[in-house]
Amino acid sequence: MLKLENVEKSFPEFSIKNMSFELPKGYIMGLIGRNGAGKSTLLRMILGLMTPDAGHIEFIDRDIRENEKWTKDNLGFVLTEDVFEKHNTLAQNGEKYGRFYSRYEPEKLDFYCEKFNLDMKRTYGRQSRGEKMKFQLAFALSHNPRLLVLDEPLGSFDPEFAESFTGILTDFISKGENSVILATHITSGLDKFGDYITYIDKGRLVLSEDKETLTDRYRLVTAEDYLINLIPKDKVVYKEKGSSYSKALVEDYGRIANDKEYRVDTPTIEDLMYFMDKGGNRKFGGVL
């Protein structure tokens, strides 16, 4: 579905370097990293809003730069900035921008706006931040894209809508033909619906793997500090020392699984990002 090969983009204060990963069709990828890691820049290159300095991006086996019109027709997006006319109503914005998409369905926009409790007669500028992002999502779904590109939507949604958002994404990919790439620093949702995790830091790829493989590879281990120190150092991503117990993210070390002196848990995506960040993002599983 989506393939990046050695993508690079340089700015005076920041750069994306040697970025390569793939997202198959029918799956949801969480693009994670701290603020300023390069997530938004990466999404804008995928959308064709920025041009890479090197490397290339393929979307359904086509180079996005050589197939710009077709690519934009098949991409839906939700961005952090305003993308619609502030003085136009939601209905007027739908009519104005829907004509640029070959599969746009105004009835579908009506359906999602009603589902999301959005007033089509109200101007876009009078919507709250969360409502604006809901409308972007409604519009994206209304033109039947193959890939949804979502930039930090979770932090703008109210808790009730955030719950239904999971169902919306899973419905979108349910037939196995569509995919989603979602950039976020709120990782809790990805434990529920993320299929692939791509973690970037300071413009560099730390890892990109399916979530099941990732969570199978690592364990969060809690024990007295001297016991943690008995684990081979090359298996410890990072250790956090506490007053009574220490906690460490450990890679591929099954020997402690049945040792009752250790508490062994499956890490959440947030755990993985926290400990990998603290550990300095050394090589993980040969990804770098």
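Over the ring of which residue does the charged end of Lys 134 sit? The ring is that of Phe 161, with the charged end of Lys 134 4.7 Å from its centre.

## Basis

This is a predicted model, in which local features need pLDDT of at least 70 and side-chain atom pairs count only at pLDDT 80 or more, while totals for chains, interfaces and linings use all residues. Residues are numbered from 1 along each chain as its sequence is written, and side-chain values use heavy atoms, with hydrogens and water left out.

## Charges over rings

Besides Lys 134 over Phe 161, Arg 62 lies over the face of Trp 70, at 4.0 Å from the ring centre. A charge sits over a ring if NZ of Lys or CZ of Arg is within 6 Å of the ring centre and within 35 degrees of the ring normal.

## Helix H3

Helix H3 covers residues 90-98, and Leu 90, Asn 93, Gly 94 and Gly 98 in it are buried (under 20% relative accessible area; exposed is over 50%, partly exposed in between, with a 1.4 Å probe and protein chains only). These residues span an arc of only 110° around the axis, which puts them on the same side of H3; the arc is that of the directions from the helix axis to the C-beta atoms. Helix H4 (106-115) and helix H5 (129-142) are among the elements that cover them. Helices (H or I, at least four residues) and strands (E, at least two) are DSSP runs, numbered from the N terminus.

## Aromatic rings

The structure holds 18 aromatic pairs (ring centres of Phe, Tyr and Trp, the last by its six-membered ring, within 6.5 Å; planes under 30 degrees apart are stacked, over 60 edge-to-face, the rest tilted). The rings of Phe 84 and Tyr 97 have centres 5.5 Å apart and planes at 80°, so this pair is edge-to-face. Phe 84 is in the loop between strand S6 (75-78) and H3, and Tyr 97 is in helix H3, 13 residues apart. Tyr 97 and Phe 100 form a tilted pair, because their ring centres are 6.4 Å apart and their planes at 45°.

Phe 84 counts as buried at 9% relative accessibility, whereas Phe 100 is exposed, with a relative accessible area of 53%. Ring pairs link Phe 84, Tyr 97 and Phe 100 into a cluster that also includes Tyr 101 and Phe 139.

## Strands S12 and S13

Strand S12 (residues 236-241) pairs with strand S13 (residues 246-251) in the antiparallel sense over five bridges; pairing requires at least two DSSP bridges. A hairpin of four residues joins S12 to S13, and the bridge partner of Lys 239 in S13 is Ala 248.

Note on methods: Contact means heavy atoms within 4.5 Å.
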